[in-house]
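Thanks for making the time this morning; I would like to walk you through one model, going from its packing to its strands, then to an annotated position and finally to the charged pairs. Please have the structure open while I talk.

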Amino acid sequence: MKVLISADMEGATGVTWPADVEPGTEQWQRCRAMFTSDVNGAIAGLFDGGADEVLVNEAHATMRNLLLEQLDERATMITGRHKALTMVEGIQTGDVDGVVFLGYHAGAGAEGVLAHTYLPNSITGVWVDGDPASEGRLNALVAAEYGTPVVLVTGDDRACADAATYAPMARTAAVKDYVSRYAARCRPPARTFEDIRAEAKAAAALAVRHEPATGRGPFTVEIEVDATQLADFAGMVPTVERVAERRVRYTAATAHDLIRCFKAVTTLISNGIENHYG
């Protein structure tokens, strides 16, 4: 049994505000250890449940946040940016039996601690075929295309509720409860480690490869941004059309194409942002 952990940071234990996840800050340095503890809890639980191999893919910002020297030595890790499938890199090998979305969060425009989709503020909403799409939903579509079920989602309580809409069979482990976008009722890492471990052990039984979900496309993606020039930038990507002052749309034949185009769009949007005025 091989399981991939896609590890994001906003939904990690103790994380509640931007400095907690911004590389280079004092708070980020502090929170890296709690983030690594969450990942180790999942690794331990997966091996408790019978996993033979666990691959961790760093999925936050620079993708250089986890402390390799503190990682459970039974696992391996992909670290660093510029990966073909970004947050679910490694799933395309065709031998991954289950995927864990660890440290995930609610999507742009929704209630949740540090809720966003790819970009912290500039994207105000994402929809796939009319349904609100968090990072979890986008990545679950990609995973399904490779026959890999989502078996566990961890994050705040709102991220766990979101998971029920795109991976209803997955186990969940809430490490904190939403108070506001920048506040939460948090459990300490010693407790969340054990909570995640227990759910990961149970989730290992769900790690059974399915037939790849081919033919589910095409997918129509709409992205709303907070400034008109960002829609202009997004529209520079071939197949992406502007459909309103602050909204663009594209159609992708497969989830693989969906996520790659989404990455291209967000990269261009990022380059259209100016300090203070966005």
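Let me begin with the largest nonpolar core, which holds 50 residues, and in which Ile91, Phe101, Ile123, Ile223, Tyr250, Leu258 and Phe262 touch the most other members. By nonpolar core I mean a set of buried Ala, Val, Leu, Ile, Met, Phe, Trp, Tyr and Cys residues joined through side-chain atoms within 4.5 Å, where buried stands for under 20% relative accessible area, exposed for over 50%, and partly exposed for what lies in between, with a 1.4 Å probe and protein chains only. Helix 6, residues 255-271, gives this core its largest share, 7 residues; helices (H or I, at least four residues) and strands (E, at least two) are DSSP runs numbered from the N terminus. Apart from this core lies another, of 37 residues, including Ala12, Val21, Cys31 and Ala204.

Before going further, the caveats: this is a predicted model, in which local features need pLDDT of at least 70 and side-chain atom pairs count only at pLDDT 80 or more, while totals for chains, interfaces and linings use all residues. Residues are numbered from 1 along each chain as its sequence is written, and side-chain values use heavy atoms, with hydrogens and water left out.

Going back to Ile223, and leaving aside its neighbours within four places in sequence, this residue is in contact (heavy atoms within 4.5 Å) with Ile123, Gly125, Arg246, Arg247, Val248, Tyr250, Phe262 and Val265.

Which residue does the UniProt annotation "active site" cover? According to that unreviewed entry, His116, which is found in the loop between strand 4 (98-104) and strand 5 (123-128). His116 counts as buried because its relative accessibility is 7%. Beyond four places in sequence, His116 is in contact with Glu10, His105, Ala106, Gly107, Ala108, Glu135 and Arg181.

Last, the salt bridges, each being a side-chain nitrogen of Lys or Arg within 4 Å of a carboxyl oxygen of Asp or Glu; by this rule the count comes to 11. Glu199 forms one with Arg171, the closest N and O atoms being 2.8 Å apart, and this pair links distant parts of the chain, with Glu199 in helix 4 (residues 189-203) and Arg171 in strand 8, 28 residues apart. Arg249 in strand 12 and Glu222 in strand 10 are 27 residues apart, yet their closest N and O atoms are 2.8 Å apart in another salt bridge. Of these two, Glu222 is buried, with a relative accessible area of 16%, whereas Arg249, at 29%, counts as partly exposed. Salt bridges that share partners join Glu222, Glu224, Arg247 and Arg249 into one network.

How values were computed: UniProt positions are given in the numbering used here, feature names are shortened, and annotations may be inferred rather than shown by experiment.
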